[in-house]
Amino acid sequence: MTTDSQSIPAFSILGPPGCGKGTQAEFIKTELGFLHVSSGDIFRGALARGDENAIAAQDIMQRGELVPDEIIKKMVHDELQTILLASKDPQGVLLDGFPRTVGQAEMMDDLLSDLKLHFVGMLNLEVPESELVDRLLKRGQGVEKRPDDNEDVIRERMRVWREKTFPLEKYYQNHNQLYSIEGMGAPEEVFSLLKPIIIEKANLS
Ligand code: AP5
Ligand code: MG
């Protein structure tokens, strides 16, 4: 891991589908001056642009399964490189939805150090599954509906999360880099728990 004081601090935000990763990322971006990179948003953006890799993996996402690590890694790297070049003195970077497997976690250090970023920690949002399903079904009834917001796919996303992503909690706990907080309550309340952790761990003033 790079600990160069010149490098930019990076966090990732972890938690099951619907736990509020994207919602909290917006607060972290607007209130703390971080750049936000969501692997799901990158993928959906690539799909909308007609990107070949994204089209090839489209069915995987629509079934609620995970896109292959190498495809996601390249998309996250390229997006991060682009937004870092376009931004002026960001306070930090927040990865949302990446890493999502132990394999991706193992790829991440090289990816970050290549971009002069250093990993500070994993922010982990804890929300019970019944609440997650309710939130996603509710989104599925509104204008923000995504193709993967229907009950069968939501259940599959939960299963994939338990099998492939949940092991990251242990992985980052073993690295002393896991910061878990309660993700229930209003979004502002959740952010009020995350904010002091980010400020302290990234040494922000
Ligand atoms: P991705 O886009 O990352 O989706 P996800 O993890 O399934 O989660 P969501 O984005 O639905 O939920 P969120 O936790 O961001 O919550 P949000 O803030 O939106 O991934 C989609 C797919 O892309 C994957 O299934 C996979 O196929 C592929 N993919 C992505 N990354 C990958 C990777 N690294 N490797 C392989 N494949 C990858 O909130 C959800 C809802 O709840 C919203 O309506 C929100 O308004 C509401 N809400 C939020 N917070 C609260 C609160 N505190 N109280 C009440 N409601 C709340
Ligand atoms: Mg999201």
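## Ligand site

Ligand 1 sits in the largest pocket. A pocket is an open set of points on a 1 Å grid over the protein atoms alone, where a 1.4 Å probe fits, with protein on both sides within 12 Å along at least five of seven lines. A molecule sits in one if more than half of its atoms lie within 2 Å of its grid points.

This is a predicted model: local features need pLDDT of at least 70, side-chain atom pairs count only at pLDDT 80 or more, and totals for chains, interfaces and linings use all residues. Residues are numbered from 1 along each chain as written, chains are lettered from A and ligands numbered from 1 in written order, and side-chain values use heavy atoms, without hydrogens and water.

## Shell and contacts

The shell of ligand 1 has 29 residues, each with a heavy atom within 4 Å. Thr23, Ser39, Glu65, Arg100 and Arg139 come nearest. By class, 11 are nonpolar, 9 polar and 9 charged. Helix 1 (21-32), helix 2 (39-49) and helix 6 (129-140) each supply at least two shell residues.

For the side chain of Lys21 the distance is 2.9 Å. A backbone N or O atom of Gly20 lies at 3.1 Å. Taken alone, ligand 1 exposes 1000 Å², and the protein buries 87% of that (Shrake-Rupley method, 1.4 Å probe).

## Salt bridges

The count is 15 salt bridges (a side-chain nitrogen of Lys or Arg within 4 Å of a carboxyl oxygen of Asp or Glu). One joins Lys74 and Asp78, at 2.6 Å from N to O. These two residues are 4 apart in helix 4 (residues 69-86), so about one helical turn separates them.

Note on methods
Polar contact = N/O pair within 3.5 Å; in protein donor to acceptor, adjacent residues only side chain to side chain. 1 Å grid on protein atoms, 1.4 Å probe; cavity = no way out; pocket = protein on both sides within 12 Å on 5 of 7 lines; lining within 4 Å. Nonpolar A, V, L, I, M, F, W, Y, C, P; charged D, E, K, R; others polar.
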